Amino acid sequence: MTPHDLARELERIYGEDLKAAVLYGSAVGRDYSRKYSDYNVFCVLSEATPALLSKSNRVVRKWVKQGNPAPHFFDARHIEQSLDVFPMEFLDMLDRHETLIGRDPLAGITVDLKNLRHQCESELKGKIIHMRSFYAANCDSPKAVARMMVESFPTFMAAMRGTLRLLGKKPPADARAVAELIGDRLDINPAVFYDVIEIRRGASMMPRGDDALAMFERYLTELAALTSFVDTMNVE
C-alpha cells in the first residue's frame with residue numbers, strides 16, 4: 001500500500017469527514033532513505049473523536065503491519081492550538097509535504113520564534129540525555145551504538161533546520177547543505193554529520209568496533225556544541 005493508496009482508502013471510509021490527508025517528511029524531500037525513512041502521514045478530520053477514529057482501524061492496522069508509523073489525526077482547531085508546542089514539526093512539515101487529499105491544511109500557518117527556540121533546545125537536550133543513557137548501557141556493543149546514532153539523526157536535523165530559521169536563514173532542502181550551513185554559522189565541525197548522512201543514504205557502511213565508538217564521541221561533541229549555542233540564543 002502506497003501513501004496515495006492509504007489516502008484513497010481513508011477518503012472512501014470517511015467521505016466528507018476527511019478534510020485532508022498529507023504525506024510529509026523525508027518521503028517528499030531529497031533525503032529519503034529506503035532503509036531508515038518512514039512514510040509519515042497525517043489526516044485532518046471534521047472531528048477526531050473515538051467514533052470516527054475507529055472507522056479506520058482496519059486500514060490503519062494494515063498500514064502499520066507494512067512497517068509504517070500510524071497516521072496522526074487532527075481536526076483543524078487542534079492544528080491551530082498546537083503550533084506553540086510543536087513549531088519545529090509544523091515548520092518542517094510546511095517545507096516538506098504533499099497534500100494527497102483535500103485542501104492544504106498547512107497553508108498560512110505562522111509560528112512564534114520564541115516557541116521554536118524553546119522546542120529546539122528541548123529536543124536537543126532530551127535526545128542527548130537519551131543517547132548518553134543508551135551509551136552507558138550499550139557501549140560494549142559498538143553495532144548498537146552506531147545504529148542508535150544513525151537512527152537519531154532526523155531529530156537533530158530537524159533541530160538544525162529550526163536553528164537556521166532562528167538565524168533568519170531558510171533551511172536548504174538537502175540535509176548535507178543544512179549541516180554545512182550550520183558549520184558555517186556556528187563553531188561546529190559538520191564532518192561527522194556528513195558521515196551519518198552518507199550512511200543513511202546507503203553511500204557508506206555503518207562503522208564497526210572502535211571506529212563506531214570514536215564516531216559517536218565526535219557526534220556527541222558537535223551536538224553538545226549545537227545545544228549550547230541554541231541555549232544562549234536571544235530571540236525577540
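This is a predicted model: local features need pLDDT of at least 70, side-chain atom pairs count only at pLDDT 80 or more; totals for chains, interfaces and linings use all residues.
Residues are numbered from 1 along each chain as its sequence is written. Local features need pLDDT of at least 70, side-chain atom pairs count only at pLDDT 80 or more, and totals for chains, interfaces and linings use all residues, while side-chain values use heavy atoms, without hydrogens and water.

Trainee: How are H5 and H6 oriented to each other?

Mentor: The axes of helix H5 (residues 87-95) and helix H6 (residues 113-138) come within 8 Å and cross at roughly 105°. Axes are lines fitted to C-alpha atoms, for helices over the stretch in contact, with angles from 0 to 180 degrees between N-to-C directions. Angles under 35 degrees count as roughly parallel, over 145 as roughly antiparallel, 65 to 115 as roughly perpendicular and the rest as oblique. H5 and H6 are therefore roughly perpendicular.

Trainee: What is the orientation of H7 to H9?

Mentor: The axes of helix H7 (residues 142-166) and helix H9 (residues 191-200) come within 10 Å and cross at roughly 120°. That angle makes H7, relative to H9, oblique.

Trainee: Which residues of H9 make the contact with H7?

Mentor: Contact means heavy atoms within 4.5 Å. From H7, the contact involves Met 149, Val 150, Glu 151, Phe 153, Pro 154 and Met 160. Their partners in H9 are Phe 193, Val 196, Ile 197, Ile 199 and Arg 200.

Trainee: What radius of gyration does the protein have?

Mentor: The radius is taken over C-alpha atoms, and the globule rule is 2.2 Å times the number of residues to the power 0.38. For 236 residues, a compact globule would have a value near 18 Å, which agrees with the protein's 19 Å.

Conventions. Helices (H or I, at least four residues) and strands (E, at least two) are DSSP runs, numbered from the N terminus.
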